[in-house]
Amino acid sequence: MSTGGTGVAAHEQLGPRHVAIIMDGNGRWAARRGLSPSAGHKAGVERIRDLIEACQERHIEVLTLFAFSSENWQRPPKEVELLMTLFHSYLRREARKMQEQGVQLRVMGRRDRFSPRLQRAIAEAEELTREGGNGTLVIAADYGGQWDIAQAARSLAEEVARGERSPESIDDKALGERVQLADLPPVDLLIRSSGEQRISNFILWQAAYSEFYFTETLWPDFGVEELDSALNAYRRRDRRYGGRSDGGLEAHA
Ligand code: IPE
Ligand code: IPE
Ligand code: MG
């Protein structure tokens with residue numbers, strides 16, 4: 001969440017522009033305390049505000065948070081209901097604060113399975129924060145990476161059907177322009193809390209060259225220090241994108 005300004009400081013060159021987080025481990029955090037998963041989800045939401053501020057201070061332009069996957073509808077109805085209520089109250093409570101901070105809020109995922117009331121709250125929060133020029137927060141809700149790629153493919157197929165483009169024109173660039181987040185910087189760093197080391201149908205396309213960072217910390221315990229550990233690890237990575245950063249043997253031949 002860049003504050004702009006002149007000159008590019010060293011930390012801006014080295015640090016990620018876009019960080020995405022799979023916020024996992026609420027259930028286990030609660031179970032360890034003899035509490036229901038709901039208590040874990042409530043504690044988890046509380047971590048977000050500090051992180052937004054920390055990202056602004058660290059010149060991270062975009063923070064994308066995985067809040068609810070396409071598959072999370074399979075959870076017990078009571079838990080799903082609680083998650084929807086939490087999402088709604090989060091939007092109502094935090095949108096104005098984000099507007100004051102200049103943070104633009106965006107929600108990515110299907111919306112049609114949410115209640116009309118929640119859909120309205122999403123639209124209002126996005127509208128309220130639309131002018132924010134001091135960073136972007138993307139909340140992935142009812143999001144699945146496979147859905148994302150499928151909806152991009154469908155939009156291209158519709159253009160072909162209308163005679164607006166040829167099948168031959170469909171390539172990785174065309175598809176990449178239609179997946180979610182296409183207008184934002186690429187995801188540099190993808191963090192998952194709670195020790196699980198899988199993507200769970202999060203950003204499949206967009207993570208093609210993201211650096212992955214896994215931590216055992218459960219999401220409700222994930223604080224700014226943990227973010228800094230991830231950022232430090234990121235700075236030590238050698239991002240080669242399939243190339244050879246040192247020029248390799250050929251360079252010395
Ligand atoms: C992540 O926490 C939050 C959501 C998936 C909504 P979990 O509820 O998955 O926590 P664990 O994995 O059961 O500990
Ligand atoms: C992924 O976590 C989804 C979110 C964190 C929102 P899950 O807990 O649903 O993933 P699995 O079931 O462990 O793969
Ligand atoms: Mg989980």
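This tour moves through the surroundings of two ligands in a predicted model.

Before selecting anything, note that residues are numbered from 1 along each chain as its sequence is written, that chains are lettered from A and ligands numbered from 1 in the order in which they are written, and that side-chain values use heavy atoms, with hydrogens and water left out. In this predicted model, local features need pLDDT of at least 70 and side-chain atom pairs count only at pLDDT 80 or more, while totals for chains, interfaces and linings use all residues.

**First stop: ligand 1**

Select ligand 1 and display the residues that have a heavy atom within 4 Å of it: Met23, Asp24, Gly25, Asn26, Gly27, Arg28, His41, Ala67, Asn72, Arg75 and Leu83. By class, three of these are nonpolar, five polar and three charged, where Ala, Val, Leu, Ile, Met, Phe, Trp, Tyr, Cys and Pro count as nonpolar, Asp, Glu, Lys and Arg as charged, and the others, Gly among them, as polar. Colour helix 2 (residues 26-31) next, since it gives the largest share of this shell, three residues; helices are DSSP runs of H or I with at least four residues, strands are runs of E with at least two, and both are numbered from the N terminus.

Now turn to the polar contacts, meaning pairs of N or O atoms within 3.5 Å. A polar side-chain atom of Arg28 is 2.7 Å from an oxygen atom of ligand 1, an N or O atom in the side chain of Arg75 is 2.8 Å from an oxygen atom of the ligand, and at Gly27 a polar backbone atom is 2.9 Å from a ligand oxygen. Of the 380 Å² of accessible area (Shrake-Rupley method, 1.4 Å probe) that ligand 1 has on its own, the protein covers 82%.

**Second stop: ligand 2**

Select ligand 2, which is surrounded by Ile22, Met23, Asp24, Phe66, Ala67, Phe68, Asn72, Arg75, Arg192, Arg198 and Ser200. This shell divides into five nonpolar, two polar and four charged residues, and strand 2 (residues 62-69) gives the most to it, with three residues.

Show the side chain of Ser200, where a polar atom lies 2.6 Å from an oxygen atom of ligand 2, then that of Arg198, with a polar atom 2.8 Å from a ligand oxygen, and finally that of Arg192, where an N or O atom is 3.3 Å from an oxygen atom of the ligand. The protein covers 77% of the 390 Å² of accessible area that ligand 2 has on its own.

Definitions and conventions
A polar contact is a pair of N or O atoms within 3.5 Å; within protein, one must be able to donate a hydrogen and the other to accept it, and residues adjacent in sequence count only if both atoms are side-chain atoms.
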